[in-house]
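Let's take a walk through a protein together. Have a look at the sequence and the 3D view first, then read on.

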Amino acid sequence: MTAPRTSHCHYLLCVTASAVGRNIYLIVVAWLMMKYTADPSAIAMLLAAGSCAEFLTTNLGGVVTDRYRPQLTCLVCDGFRILTMAAATVGMMLGYPVQTLVTSWVLYSVLDRTYLTALQAMIPGMVDAARLLSFNSTAYVWMQIGNFCAAVAAGLVLTFTPDYLSLMAPLACFSLSFGSSFARRELHCGGYGKAEPVTFLRRELFPGLPQQSLVLPSVVYAFIYAAGMMVSVLGSALVMGEFGGSALAFGFVEAGWAAGSVLGCLWLLFRSAKSNALLWHLLVTGIILANFLVFQNLFVALLQMMGLGVTYNIARILIDVEIQRSFPISQLGRARSQVHTVCMALSLFVYGVVALIGNALAPSVIFGWFGVVALFTGTLFWACFRRDLLAAR
């Protein structure tokens, strides 16, 4: 039992360290771009560039994960993330902050998405099917604890550290993730089987995915992911512009999201939920976002972020478990990456809209109308499922 426990501890350390590094980097980039450009649409264009890179490469990342061991994929991605942070620090020191942030963001987006796909692909080989929900929930708890620590740490880093040294914090976290991944033993060497032969590029990249049963998870994940990225796009503008808050206040708002995320994960640890609850999480997300049209103050925004964190992470865990149960291990990377491609398509649309109207509308108004669209979509799906249920009777 010692070896599996040690392996699981190393895995959870990778999850936590990577989450801290990822979120410090996201918060630092969003805040510095707002600081140097004073333009919310510039942040939207930055994230759109990263999403475009993910959209074009995420399926390739899934293929790499399936054809090589996920642990090796994580190690390579961590190595390149460390190099990206180091190069970005040099670029900031040389006096090219905006160009450096944009370039590092595009590279980081590709590496981080491939890393997350590989990290998720490890889980079915580590635990049996009966423990998938509990282990995914545990991993997300540690991830969100990392996000909470990152939100507080990022505010302190931005307040007390020179801009050109702010990326050294995520660099240290990715180094810890690399070391933990390197030390982790793979206990499922026979679980993957032989790699599928490369007979045709379409078969390799698109092996009959997504299944019809994953249409709803794909749509729900696309909306909640886009909502999460909108927080990254407009969160700094919301705090700085509408509330007149500081970098520390922005860190507290991000910490509210992370705290809600931990609560959502703990809920699943002690009370399981069914995948058909996904639709309700989409509706709740829409309601919370629509409330930004009514309430515009820092304290209420903190509570709303906590609520978004709860629904966001419960839905993500349920979707991950559904994918892990629906596909063999040899196809998990591609299955996960293709669901994520749907997210990128919607995210690119959202970023495009924000880039066009980001200066004309307040961030709270954009949040609110996106919530209305999410509510409409959720209601439409609910009506379709109700009609199918009545027809089946």
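## Contacts along the chain

Two residues are in contact when heavy atoms of theirs lie within 4.5 Å of each other. Keep in mind that this is a predicted model. Take the contacts between residues at least 6 apart in sequence: 89% of them join residues at least 24 apart.

## The overall build

What is the secondary structure made of? The count comes to 13 helices and zero strands. If you read along the sequence, the pattern is simply α-α-α-α-α-α-α-α-α-α-α-α-α.

The protein has 393 residues, and 56% of them are buried.

## Inside: the nonpolar core

Now let's go inside. The largest nonpolar core holds 110 residues, and the ones that touch the most other members are Tyr11, Phe367 and Phe370. Which helix gives the largest share of this core? That's helix H8 (residues 215-242), with 17 residues.

Leaving out residues up to four places away in sequence, Phe367 touches Met230, Val231, Leu234, Leu238, Leu289 and Phe292.

Leu60, Val64, Tyr68, Leu72, Val76, Phe80 and Leu83 make a nonpolar surface patch of about 680 Å². Helix H2 (40-67) and helix H3 (70-93) each supply at least two residues of the patch. H3 gives the largest share, with four residues.

Where does Tyr68 sit? You'll find Tyr68 in the loop between H2 and H3. Tyr68 counts as exposed because its relative accessibility is 52%, and the cut-off for exposed is over 50%.

## A loop residue tucked under cover

Here's another loop residue to look up: Ser166, in the loop between helix H5 (132-160) and helix H6 (168-183). Is Ser166 buried or exposed? Its relative accessibility is 1%, so Ser166 counts as buried; the cut-off for buried is under 20%.

What does Ser166 touch? Not counting residues up to four places away in sequence, its partners are Val28, Leu32, Val157 and Thr161.

Methods. Residues numbered from 1 in each chain as written. Predicted model: local features only at pLDDT ≥ 70, side-chain atom pairs only at ≥ 80, totals over all residues. Heavy atoms only, no water. Patch = residues over 30% accessible without salt bridge, like charges linked within 9 Å, V, L, I, M, F, W, Y side chains within 5 Å. Areas by Shrake-Rupley, 256 points an atom, 1.4 Å probe, with all protein chains shown as cover. Salt bridge = Lys/Arg side-chain N within 4 Å of Asp/Glu carboxyl O. Buried < 20%, exposed > 50% of the residue type's maximum accessible area, 1.4 Å probe, protein only. Core = buried A, V, L, I, M, F, W, Y, C linked by side-chain atoms within 4.5 Å.
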